[in-house]
Structure formats: structure tokens, C-alpha cells
Amino acid sequence: MSKSVKLRGLLILLCLGIALVSLVPSFSREGLPEWWRSAFDPIHLGLDLQGGIHLVLGVEVEEAVKSRLDSIVDQTENLLREKDIVYKRVDRESGDRIVVTVYDADAGHQVDALMEEQFRTLEPMTLAGEGGYIRKNYRLSDKEIANIKDYAVRQALETLRNRVDEFGVSEPVLQRQSDNRILIQLPGVKDPQRAIALLGKTARLEFKMVAEDANPGEAVKGNLQPGTELLYEKRVDRRAGTSTEIPLVVFDKTVLTGDLLSDAQVRIDTRFNEPYVAIDFNALGAKRFDQITAANVGKRMAIILDDTVYSAPVIRERISGGSAQISGGFTEQQATDLAIVLRAGSLPAPVKILENRTVGPSLGKDSIDRGIISVIIGGFLVVLAMLIYYRMSGLIANVALALNLIFILAILTLFKATLTLPGIAGIVLTVGMAVDANVLIFERIREELRLGKTAKIAVEVGYSKAFVTIIDANVTTLIAALVLFQFGTGPVKGFAVTLSIGILASMFTAIFVTRMIFDLILERRQTKGLSI
Amino acid sequence: MQLIRSDININFVGRRKVAISLSLLVIIIGILSLLIKGGPNYGIDFSGGTLVQVKISQPTSSGDIKGALAGVDLGGVVVQQFGDDAQEFLIRLQGTSGELGGLSQVILGALEKKYGPDTVDVRRTEMVGPQVGKDLREKGLMAIVYAMIGILAYVTWRFEFKFAIGAILALVHDVLITLGVFSIFNKEIDLPIIAAFLAIIGYSLNDTIIVYDRIRENRGKESKEGFSGIINRSINETLSRTILTSGTTLLVILALFVFGGGVIHNFAFALLIGVIVGTYSSIFVASPLLIFWDERKGGKPAVVAEKRSS
């Protein structure tokens with residue numbers, strides 16, 4: 001054996017060795033030493049193969065801007081009262097404006113000064129008189145609005161990550177996509193509906209005082225007193241399996257929010273054997289809760305989650321321990337999920353599902369089985385065709401094809417790429433196209449043999465002439481595959497990945513490996529003929 | 001073994017007018033079908049909508065499922081059997097819902113009412129909002145355009161501009177015909193089909209490049225046969241390879257088409273059409289186009305100085 005053949009042979013064996021070592025953990029993890037298992041993960045399967053959820057959530061950032069303005073309105077009112085500035089009202093108008101209405105110019109100047117000092121992000125706008133009042137307009141600067149939106153998405157991402165962690169999913173993907181979109185991928189989730197409900201819940205917990213003297217019946221007809229709002233209390237009768245909604249009028253001022261929680265846990269009420277969620281406030285929350293309950297003994301306080309009243313208990317006495325409970329006829333799972341979202345924090349703005357692709361695990365299993373069957377049958381047909389058409393040389397091409405498959409899988413493992421269903425199709429397609437390089441070479445060799453050249457020279461010339469063609473042809477396919485990789489999402493990207501890897505691996509196996517085998521054979525047997 | 005005799009000499013170039021007419025005819029039929037049906041039949045990836053795949057533990061029919069869903073207000077519902085056994089069905093809705101419960105729960109509820117609890121397995125749910133659908137459609141189109149530009153640049157660099165034009169026209173030809181066939185057979189265009197289109201582009205180009213490569217090589221040799229003669233000889237010399245590679249590729253695509261299962265079925269169908277059309281186009285369209293180009297440029301027998309970049 002010549003030195004060159006030996007070296008090339010060694011290189012190929014080395015590659016094959018690495019490929020096999022990296023692939024073993026994908027097929028059996030039992031009885032392997034620890035270092036082996038930890039060094040090479042099994043082939044990572046896409047959501048369409050192992051089942052799971054792919055969600056794109058849109059954060060309604062406009063809502064975050066609105067709620068920021070609402071809180072500025074609240075703070076302004078408190079400040080005006082504190083400073084004894086006489087004002088008529090403070091409102092949020094047409095989405096992004098705050099209007100403070102005062103009676104005279106003097107108060108107007110005081111308001112301007114106060115707003116300038118307290119809210120640096122507000123821009124004063126034109127003054128407009130209105131029947132003896134002075135309306136001072138303020139709006140958030142565009143930069144500040146952009147900041148609020150950006151922060152809302154970042155915070156939503158953080159909260160969602162917390163929820164996913166609490167929910168317990170291995171290898172979740174959470175990414176901010178464009179502007180206000182968040183991509184979430186949860187592989188292998190068994191109860192997708194529950195996971196989606198858990199992620200999508202805004203979980204804004206608020207405490208508001210019930211407006212006892214308001215008549216809910218009138219409120220339903222649309223007669224609401226200023227400063228109050230109509231909400232519905234959901235009452236669940238678990239034995240009858242029914243739920244009813246009871247109208248309830250509350251003051252729209254939020255006395256306390258869930259931001260001040262320190263913990264939330266599921267407990268079981270021993271009297272009714274019903275689960276409830278026990279919440280603990282942090283120091284600030286406990287202090288506020290103490291003040292509120294002290295000032296409102298005998299009145300009812302509504303516990304509101306996402307605009308639905310869960311319960312509205314009467315405050316019997318001052319509560320200073322900083323804990324409360326939310327009950328509402330929950331099942332144990334509902335209580336658990338509520339505790340999770342309360343612990344993970346609320347979303348800064350509601351989210352909408354823009355895209356949802358959920359694959360059950362049973363379907364994924366079917367897809368894998370069918371994919372493997374197609375690879376085997378397709379591969380078998382190609383191997384057979386090559387054997388019949390090119391005999392000995394066909395066998396060499398088939399060896400290269402087998403190596404090609406092993407290398408594709410090994411590279412997928414080594415680069416931790418994801419195998420998807422279209423990815424399997426990509427492998428199948430590569431099998432068909434990989435032999436192309438060998439067909440090109442063999443046809444060239446046949447041409448050269450017909451011209452009467454010896455086997456050795458024909459092989460030499462055949463390879464060198466076909467080489468340029470193979471490169472040109474494969475580069476163009478690679479261009480298409482790379483574009484696809486850039487553009488594609490999830491499963492489609494998987495196709496681009498296996499196609500690209502397949503093309504690159506096939507250039508190695510179909511050119512380098514087969515050439516080495518030819519050289520080896522021609523060297524050993526000084527034959528003139530060649531079985532091709 | 002040999003399928004194509006080595007001394008084969010079919011006059012492909014001589015029949016180029018017939019071939020181009022045939023291609024145009026097929027393209028026009030496809031475009032007519034697209035026009036009559038008001039554009040491509042987009043799947044939910046591009047049009048937005050909801051798709052739910054259910055498996056029911058007893059055999060039933062799509063009519064029965066439609067009946068079970070009649071009670072709930074879902075908008076336009078299409079129910080289709082999925083695969084061979086009458087247990088698995090695809091339910092398509094035009095509507096989408098950003099709400100948490102989603103439409104799949106509504107469907108599950110309605111079906112369990114009819115078939116009994118725990119008899120219905122929701123195997124797959126896909127919901128694409130209208131905005132996302134529009135984004136994906138634009139991205140899909142851009143992907144194909146970018147791929148074409150990239151290829152145009154590469155082929156111009158490696159060969160000549162007119163070769164690039166020929167190659168791109170052949171690609172447009174292949175994609176248009178595949179699109180037309182999809183429209184005629186009422187097949188849906190969704191994300192994997194865009195992947196298939198790009199694979200077709202890559203494959204067809206592969207074929208074309210191999211013939212072009214031979215033309216480039218043969219042009220370097222002394223010959224009296226003129227440009228069209230060189231082209232014809234090059235097509236014939238590579239014919240054996242073209243047929244064999246297309247054959248092996250078609251074998252595996254057929255395997256995918258038959259055994260790959262429902263999700264892969266349409267994808268394999270696109271590839272099947274694409275590879276057949278792509279093979280045809282690299283023989284009858286891409287190379288003869290070079291002659292049309294030369295004839296338009298004043299009919300001079302083009303033996304332009306070869307651009308060697310290899």
C-alpha cells in the first residue's frame with residue numbers, strides 16, 4: 001500500500017471512528033460510561049417528532065402604555081391632594097394623554113411645576129380653555145413610549161420564563177422574536193392545553209373595595225356612578241359542575257396589587273376539602289394590607305384576577321400578618337396553576353396567541369417510524385440501482401452512501417442540530433442526490449475507458465474532470481439550502497440543515513472516500529479492466 | 001449495464017421550438033387554473049386559520065364529524081380524512097382565536113359529546129394568526145427571490161451572464177409548472193412546500209449546471225459544429241448521467257411519497273413534479289434558451305472566448 005493511500009485510509013477511519021463514538025449515545029444509553037453519555041447528547045428531535053408546543057405570543061404593548069398612564073393619573077391625584085392644589089379632575093384621554101383640569105391660571109402654574117418635577121418623561125402640550133376651566137395636557141414622549149413597550153416585552157419574557165421554570169419543562173426555548181413577539185417552544189409537554197393556559201394568563205391580581213351602595217342591577221344596564229366599575233364574580237359549584245356569574249360593582253381604584261406578593265402556596269381547606277391559594281405579602285404589601293383592612297372593617301374587599309372577581313369577603317378585623325387567601329371553588333390543578341402564575345409574577349400586558357403549533361407525542365412517534373421506513377426503502381432502492389448499473393464500482397458508491405448517512409447523523413449530534421420531519425425528508429433527498437457525484441465520476445471514467453485508456457488513467461482523468469462539475473452543481477444547491485436556512489422556521493429549517501450537511505458530507509464520501517477505495521483496488525490488482 | 005448507448009445522438013436542440021411551445025402550453029394551463037381559482041390554494045401557514053388533527057377510537061366518516069361540529073359556531077369548516085383508515089381526520093377552520101382555550105378545545109368538546117369521553121385524541125393543532133400568515137407568505141416569496149439572485153450571481157461568475165439567464169428562466173419554468181400542477185390538483189401550499197420549491201430549484205439547477213459545464217468544456221475544443229451543435233452534443237454526452245441521477249432521486253422521492261405519511265405527502269408530491277419537470281427543463285429548456293439568446297443578439301454563431309474560472 002502506498003503512503004498516500006494509507007494516510008487517506010487512516011483519515012477516513014478516524015472520521016468514521018469519531019462519527020460512531022458520537023452516535024452511540026443516540027441509540028443506546030444503557031451501560032455506557034458517564035463521560036461518554038455526557039459528551040454526546042442523543043440526536044435532538046424537533047417538536048414535530050417528539051411532540052410539544054410551538055407558540056408565538058404577541059404582547060399587547062399598547063395596554064402597557066395605558067396602564068402606565070393610569071398609574072400616573074393615580075399618582076398625580078394623590079400628589080395634588082397632598083399639596084392642596086385645587087383641581088377639578090385628572091383624566092387619561094385618547095390613549096396617550098393626561099389631562100389635568102383646574103379652575104384658574106394660578107393652579108395651572110402649580111400643576112405645571114409639580115408635573116415637571118415629578119414626571120420628567122411627560123411633555124406638556126397645548127393649553128385649551130373650556131368653559132372657564134384650564135385644561136393642562138401632558139403626553140409621554142415617543143422615546144418613553146418606546147421604552148415602556150420594550151420594557152413590557154422584556155418583562156413579559158422574564159415572567160414567561162419564570163412560569164415555564166415553575167411548570168417544569170426540559171429544554172424550553174423562549175426568545176424575543178421581532179418587536180413585540182415572543183417565541184416559546186416546549187418540547188414533550190403532555191398537557192398542551194394546560195401549558196398554554198398557564199402561559200397566556202395575564203395574572204394581574206388586584207384588590208378593590210366593593211361599592212356597597214351601588215345597585216348591580218342598574219350597573220348591568222349601564223348606569224354606573226363615576227369612579228366605579230362593573231365586574232363579575234364567578235361562582236363555581238363543583239358538585240353540580242355549574243358556574244354562575246354574579247355582577248358586582250367595585251370602586252375602580254386599586255387598593256393593592258399582586259406585585260407586592262412574596263409567596264403563593266396551595267392549601268386545602270379542611271372544612272370543605274377544597275383547595276385554595278394562600279398568599280403572603282412582602283413587607284410593604286403587609287403594611288398596606290394592614291392599613292387598608294384597619295380602615296375598612298365591616299366592608300367587603302374584592303379579590304380580582306384578570307378582571308374576574310374570585311371572592312369578595314367581608315373584612316371582619318384588621319389583618320396585620322400580611323397573608324390572605326384566594327378561594328373560588330378551584331380544582332387542585334387550577335389552584336396549583338394559580339399559585340404558579342402568582343409566584344412567577346403577572347405579565348405587564350395581556351398576550352395574544354398569534355401562532356400555535358401543537359403536536360401530540362403519538363403523532364411524532366408515527367412520523368419518526370414512517371420517516372425511517374422511507375429512508376430504508378429509498379436507500380435500498382438506490383443501493384440496488386447502483387449495484388445493477390455499475391456492479392463493483394456501484395458497490396464502492398454504496399459504501400460511500402452508507403458512510404454519508406453515518407456522517408450526516410454524526411454531524412447533527414456534534415453540532416446539536418435539530419432533526420425535524422422535513423429534516424428526515426432532506427436526508428432521504430440527499431441519499432438520492434449523493435449518488436449523483438458518483439454517477440458523474442463513473443460516467444466520466446466510462447467515457448475515458450471507451451477512449452481506450454487504462455483503468456488507472458481513466459480513474460485519474462474521470463475524477464479530475466468530474467470534480468469541477470460536482471463543485472459547481474453542489475454549490476448552487478447549497479445556495480438554495482442556505483437561503484432556506486435563513487428564512488425558515490422550525491421544521492423547515494431542519495430541512496435546510498440536513499440538506500446542507502448532506503451535500504457537504506456527500507462531497508467528502510463520494511469524492512474522497514471512493515477515490516481512496518479505487519486507488520486501493522487498482523494498486524493491489526494490477527488489472528487493466530475495471531468493473532464499472 | 002447501460003441504459004443510454006454511449007454513441008447516442010438525439011437532436012434535442014432541433015426540437016427546441018416544439019419543446020418551448022409545450023412548456024408554454026403547460027405553464028399557461030397552470031396560470032389559467034391559478035386565475036380561475038383566484039390565486040394559489042394557500043394552507044393555513046400562509047392564509048391564517050386553524051387546523052386540528054384528531055384520531056377517533058372508532059371508525060367514522062368526515063360527514064359524521066361535520067355533523068357533530070354543526071352545533072358549534074366555527075365559521076367555514078372543512079373535514080378531511082387523513083391517511084387510509086377512517087379514524088384520523090383533519091379539521092380546518094378559517095377562523096383563528098387568540099384566546100387561551102382556543103378552538104381545538106371547542107372541537108374536542110363537540111366531538112366527545114358525540115363519540116363519548118376519552119375517545120378523541122387531538123394529535124395536532126395548528127393555529128396561525130392572519131398577521132403571522134401574511135409575514136410567512138412574504139418571507140417565503142423573498143426566500144425564493146433571494147435564492148434566485150444568489151444563483152444568478154454564482155452562475156454569472158462561474159460561466160457567463162447568458163448562462164445565468166438560461167438557468168434562471170429554467171428555474172422559473174420549473175416553479176411555475178409545479179405551482180400550476182398544485183393548483184390543478186387543488187393541493188395546498190404551505191411552509192414545507194416552499195422548502196420543496198427551494199429543493200426543486202437546487203436540484204434542477206444541479207442538472208442544468210452539469211450540462212452547462214459540459215458545454216463550457218466542449219467549447220474549448222476545436223470543432224466545426226457551431227454553438228448549437230456543441231450544445232446538442234453536450235446534452236447527449238451527459239444524458240446517461242441525467243437519466244440515472246433523476247432515476248435514483250425519483251426512487252427515493254417515490255419512497256417518501258408512498259411511505260412518508262400524511263404530513264410529508266404533499267411535500268413529496270411537489271418534489272416528484274419538480275424533479276420530473278427539472279430534468280425535462282435542463283434538457284429541453286435551459287440549454288436551448290442559450291441559442292434563442294444568441295439568435296436574438298444578431299444571429300452570429302457565438303463562439304465567444306471562453307471564460308475559464310476553473
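Into which domains is chain A divided? There are three entries to know: domain 1 (3–50 + 362–524), domain 2 (62–144) and domain 3 (201–358). Keep in mind that this is a predicted model. Chains A and B touch each other, with 61 residues from chain A and 58 residues from chain B taking part, and an open sheet of 8 strands takes in strands from both chains.

**Domains**

- In chain A, the C-alpha centres of domain 1 and domain 3 sit 61 Å apart.
- Chain B splits into domain 1 (13–42 + 132–296) and domain 2 (49–128).
- For chain B, the centres of domain 1 and domain 2, again over C-alpha atoms, are 38 Å apart.

**The sheet with strands from both chains**

- Reading across the 8 strands, you get β8(A)-β9(A)-β2(A)-β18(A)-β4(B)-β1(B)-β3(B)-β2(B), and the pairing is antiparallel.
- At the edges are β8 of chain A and β2 (77–81) of chain B, each with pairing on one side only.
- From one strand to the next, the twist averages 20 degrees.
- On the chain A side, β8(A) (residues 173–176) and β9(A) (residues 181–187) run antiparallel and are joined by 4 bridges.
- A:Val173 has A:Gln185 as its bridge partner in β9(A), and the hairpin from β8(A) to β9(A) goes through 4 residues.
- Next up, β2(A) (residues 52–59) and β18(A) (residues 351–359) make an antiparallel pair over 8 bridges, with A:Val59 opposite A:Val351.
- The chains meet within the sheet where β18(A) and β4(B) pair, antiparallel, over 5 bridges.
- If you want a spot to look at in that pairing, A:Thr358 stands opposite B:Thr125.

**Helices across that sheet**

- Helix α7 of chain A (residues 192–200) lies across β2, β9 and β18 of chain A, at about 20 degrees to β2(A).
- Helix α11 of chain A (residues 361–414) lies across strands of both chains, namely β18 of chain A and β4 (120–128) of chain B.
- Relative to β4(B), α11(A) runs at about 85 degrees.

**The chain A side of the contact**

- By class, the side of chain A that touches chain B holds 37 nonpolar, 15 polar and 9 charged residues.

**The three-stranded sheet in chain A**

- Chain A also has an open sheet of 3 strands, ordered β13-β14-β17 with antiparallel pairing.
- Its edge strands, each pairing on one side only, are β13 (261–269) and β17 (323–326).
- Neighbouring strands here are turned by 25 degrees against each other on average, direction ignored.
- The antiparallel strands β13(A) and β14(A) (residues 274–281) are joined by 8 bridges, and A:Gln265 has A:Ala278 as its bridge partner in β14(A).
- Helix α10 of chain A (residues 332–344) lies across β13 and β14, running at about 170 degrees to β13(A).

**One residue in chain B**

- B:Ile276 belongs to helix α9 of chain B (residues 262–284).
- Why does B:Ile276 count as partly exposed? Because 17 other C-beta atoms lie within 10 Å, while a buried residue needs 20 or more and an exposed one has 12 or fewer.
- B:Ile276 and B:Gln131 are 145 residues apart in sequence, and their C-alpha atoms are 35 Å apart in space.

Methods. Residues are numbered from 1 along each chain as its sequence is written. Chains are lettered from A and ligands numbered from 1 in the order in which they are written. This is a predicted model: local features need pLDDT of at least 70, side-chain atom pairs count only at pLDDT 80 or more; totals for chains, interfaces and linings use all residues. Two strands pair if DSSP finds at least two bridges between them. Helices (H or I, at least four residues) and strands (E, at least two) are DSSP runs, numbered from the N terminus. Domain bounds come from an automatic or database domain assignment. Axes are lines fitted to C-alpha atoms, for helices over the stretch in contact, and angles run from 0 to 180 degrees between N-to-C directions. Two residues are in contact if their C-beta atoms, placed from the backbone, lie within 7 Å. Ala, Val, Leu, Ile, Met, Phe, Trp, Tyr, Cys and Pro count as nonpolar, Asp, Glu, Lys and Arg as charged, and the others, Gly among them, as polar.
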